[in-house]
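Thanks for coming, everyone. Let me put the sequence and the structure up, and then we will walk through a few places in it.

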Amino acid sequence: MKKIVLIVLTLLLFAELAVVFLPQIVHPVDYTIELAATHMLHGQTQPLKSIVFAKAAIPTEPTDPPEPTIPPLVDKPGSVFDTYHSDEYGDYLNYYVHIPENATIGMPLIVYLHGDGEVNQPESLPKSGLCHIVRSIYGEEFPFLLLEPNTRVKSWTSGSIPKLLIELIDFVSERYSVNTDKIIICGHSRGAIGVWDMISIYGNYFSAAVPVSSPHQKGHIEYLKAAEVPVWTFAGDVGDIERWYHQYLAKNVEMINVSGGFGKFTVLEGADHGLAFYRAFEKETFEWMLAQERGVIPEE
């Protein structure tokens, strides 16, 4: 009998040790260990102890979470309004991003700079900016993302605005994972002045440029830098101002071509300053913009 008691105590000791150590080394499955000790009780054999182990997780080394994959959309399709704040320049730009229903990663980005009528009025952009032309042509499925920043002063060229604008474009490009070889800049009126200024500073950061109804504010641009970007410029022929633009736009294009770039100038017959905006941005123009690639100068 003493031997039996000793055996039982030994089994119990092993069982208690197993409770402590076994979960650390076994696979995470359910285990039931039934320890039976036989003792003489009215001539019957009974289980002495039953131990149930819960699932035990295998210890693993902590790992960093995987880098998040930017989804095709970080925002739902539609017009997204936001404000970009620059810590470096202590300034901000309100802006809209217009997202098509067919948006995916790697789409081109078109940046549109508005004229004086929308200065410090971001709420006017969905109705009077480029997006309503885009939707009239393509509906809700268009082959690019559209960024429309809003300046609070009558200038796209003064102070830190050009640098702030580049920061905003970089931010939007990363957020929506756009194709950085196809970042296009365009604008109308004062916005066109901004386009000429941006390509004269940043060159082939952009893949194409379409300034409508205004030459560069100072009458000249840094042609060698601007020649890195294919340019298609437009102006109407109704009204003294539109006709006055012709000589300067023709000169801009001539100097770009002489400098080894690609530029063309189209006169929109029967269009005044306002109508030129609608006539310039037709489907053919969008197709031309989207066909260009950063660093590649087209032959024609």
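**Arg135 and its surroundings**

Start at Arg135. Leaving out residues up to four places away in sequence, Arg135 touches Gly78, Ser79, His98, Glu140 and Phe142. Contact here means heavy atoms within 4.5 Å.

A word on the source. This is a predicted model: local features need pLDDT of at least 70, side-chain atom pairs count only at pLDDT 80 or more, and totals for chains, interfaces and linings use all residues. Residues are numbered from 1 along each chain as its sequence is written, and side-chain values use heavy atoms, with hydrogens and water left out.

Back to Arg135. It lies in helix H3, residues 131-138. Helices (H or I, at least four residues) and strands (E, at least two) are DSSP runs, numbered from the N terminus. The side chains of Arg135 and Glu140 are joined by a polar contact of 3.2 Å. A polar contact is a pair of N or O atoms within 3.5 Å; within protein, one must be able to donate a hydrogen and the other to accept it, and residues adjacent in sequence count only if both atoms are side-chain atoms. Pro100 is 35 residues from Arg135 in sequence, and 9.2 Å away in space, C-alpha to C-alpha.

**The sheet**

Now the sheet. In what order do the eight strands come? The order is E3-E4-E6-E5-E7-E8-E9-E10, in an open sheet with mixed pairing. Two strands pair if DSSP finds at least two bridges between them. Strands E3 (78-86) and E10 (263-268) stand at the edges with a single partner strand each, so one side of each has no neighbour in the sheet. From one strand to the next, the twist averages 20°.

Helix H7 (residues 240-258) packs on this sheet, touching E9 (231-236) and E10. The direction of H7 makes about 165° with that of E9. Axes are lines fitted to C-alpha atoms, for helices over the stretch in contact, and angles run from 0 to 180 degrees between N-to-C directions.

Take the pairings in turn. E3 and E4 run antiparallel, with nine bridges. Ser86 has Asp91 as its bridge partner in E4. The two strands form a hairpin with four residues between them, and Gly90 in the turn has a positive phi of about 60°.

Is strand E4 (residues 91-99) mostly covered or mostly open? It is mostly covered: seven of its nine residues are buried. Buried means under 20% relative accessible area, exposed over 50%, partly exposed in between (1.4 Å probe, protein chains only).

E4 also runs antiparallel to E6, through five bridges. Here Tyr95 has Pro149 as its partner in E6. E5 (residues 109-113) and E6 (residues 145-150) run parallel, joined by three bridges. Val111 pairs with Leu147 in E6.

**His188**

Next, His188, in strand E7. His188 counts as buried because its relative accessibility is 9%. Beyond its neighbours within four places in sequence, His188 is in contact with several residues, among them Tyr112, His114, Ser213 and His273.

**Two helices**

Last, H4 (residues 161-175) and H5 (residues 190-202). Their axes come within 11 Å and cross at roughly 80°. So H4 is roughly perpendicular to H5, a label that covers 65 to 115 degrees; under 35 is roughly parallel, over 145 roughly antiparallel, and the rest oblique. Pro162, Lys163, Leu165 and Ile166 in H4 meet Asp197, Met198, Ile201 and Tyr202 in H5.
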